[in-house]
Amino acid sequence: MKSILIIAILSCFFAAYNAKVFTKCELARKLKANGMDGFYGYSLANWVCMAQHESGFNTQAFNGKNSDGTSDYGIFQINNRWWCKDNKRQSANGCNIMCNKFLDDNIDDDILCAKRIVKDPNRMSAWVAWNNNCRNKNLSGYLADCGL
């Protein structure tokens, strides 16, 4: 029994240790390869700026303390009220996915869901951090050092 507990604890440390934290340029390249540059009228810089301010580019970012009782998951901090299901609350589950899928290092499903979210009438305004830090800002030089 003791060895099972030790293995479980070590597994938690290993999982946390292996969290993928992108650099700005690494994320920009990944998003560009997935068609995000200009998607729904938003520049690549807008998407990267949003991710920086939502999660610090951390794929395992989790915020379970929203004032309305909801939680946000992953690099884009996708909310469980509208976009994913976490079995903690009712969800519209607009992206038809379990929220924990946004906490792994593969962000392909995160990108697909972000593409779905931006098609909603709120568009990029669905992300509070984008509104507060990126919206109506001059982002023309934001990715200049990435060589894209």
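Begin by selecting Trp127, which is buried, with a relative accessible area of 3%; here buried means under 20% relative accessible area, exposed over 50%, and partly exposed in between, computed with a 1.4 Å probe on protein chains only. What you have open is a predicted model, in which local features need a pLDDT of at least 70 and side-chain atom pairs count only at pLDDT 80 or more, while totals for chains, interfaces and linings use all residues. Residues are numbered from 1 along each chain as its sequence is written, and side-chain values use heavy atoms, with hydrogens and water left out.

The structure holds five aromatic pairs, where rings of Phe, Tyr and Trp (its six-membered ring) pair if their centres lie within 6.5 Å, and planes under 30 degrees apart count as stacked, over 60 as edge-to-face and the rest as tilted. Look at Tyr42 with Trp130: the ring centres are 5.7 Å apart and the planes stand at 90°, so this pair is edge-to-face. Tyr42 belongs to the loop between α2 (24–33) and α3 (44–55), whereas Trp130 belongs to helix α5 (residues 128–133), so the pair ties together parts that are 88 residues apart in sequence. Helices (H or I, at least four residues) and strands (E, at least two) are DSSP runs, numbered from the N terminus. Both ends of this pair can be checked for burial: Tyr42 is buried at a relative accessible area of 14%, and Trp130 is buried at 5%.

Now turn to Trp47 and Trp127, whose ring centres are 5.9 Å apart with planes at 75°, so this pair is also edge-to-face. Trp47 sits in helix α3 and Trp127 in the loop between α4 (108–118) and α5, so the pair ties together parts that are 80 residues apart in sequence. Trp47 is buried, with a relative accessible area of 0%.

**The disulfides**

Next, show the cysteine side chains, where the count comes to four disulfides, a disulfide being a pair of cysteine sulfur atoms within 2.5 Å. Select Cys49 and Cys134, which are joined with an S to S distance of 2.0 Å; the torsion about their S-S bond is about -90°, so this disulfide is left-handed. The link spans distant parts of the chain, with Cys49 in helix α3 and Cys134 in the segment after α5, 85 residues apart. Cys49 is buried at 2% relative accessibility, and Cys134 is buried with a relative accessible area of 1%.

Move on to Cys84 and Cys99, which form a disulfide with their sulfur atoms 2.0 Å apart and, with 95° about the S-S bond, a right-handed link. Cys84 lies in the loop between β3 (78–79) and α4, as does Cys99, and the two are 15 residues apart. Cys84 is buried, with a relative accessible area of 0%, and Cys99 is buried at 0% relative accessibility.

Then select Cys95 and Cys113, another disulfide with S to S 2.0 Å, whose torsion of about 85° about the S-S bond makes it right-handed. Cys95 lies in the loop between β3 and α4 and Cys113 in helix α4, 18 residues apart, and both of these cysteines are buried. With bonded cysteines counted along the chain, the disulfides follow the pattern 1-8, 2-7, 3-5, 4-6.

**Two lysines over rings**

Select Lys20 and Phe22 to see the charged end of Lys20 over the ring of Phe22, 4.9 Å from its centre; a charge sits over a ring if NZ of Lys or CZ of Arg is within 6 Å of the ring centre and within 35 degrees of the ring normal. Lys24 lies over the face of Tyr142, at 4.8 Å from the ring centre.

**Stepping back to the whole chain**

Finally, display the whole protein chain, which has five helices and three strands and, read along the sequence, follows the pattern α-α-α-β-β-β-α-α. Of its 148 residues, 39% count as buried. Colour the chain by pLDDT, the predictor's confidence in each residue from 0 to 100: the average is 89, and 88% of the residues score at least 70. Over residues 1–16 the pLDDT is below 50, and beyond near neighbours in sequence this stretch has two contacts in the model, a contact meaning heavy atoms within 4.5 Å.
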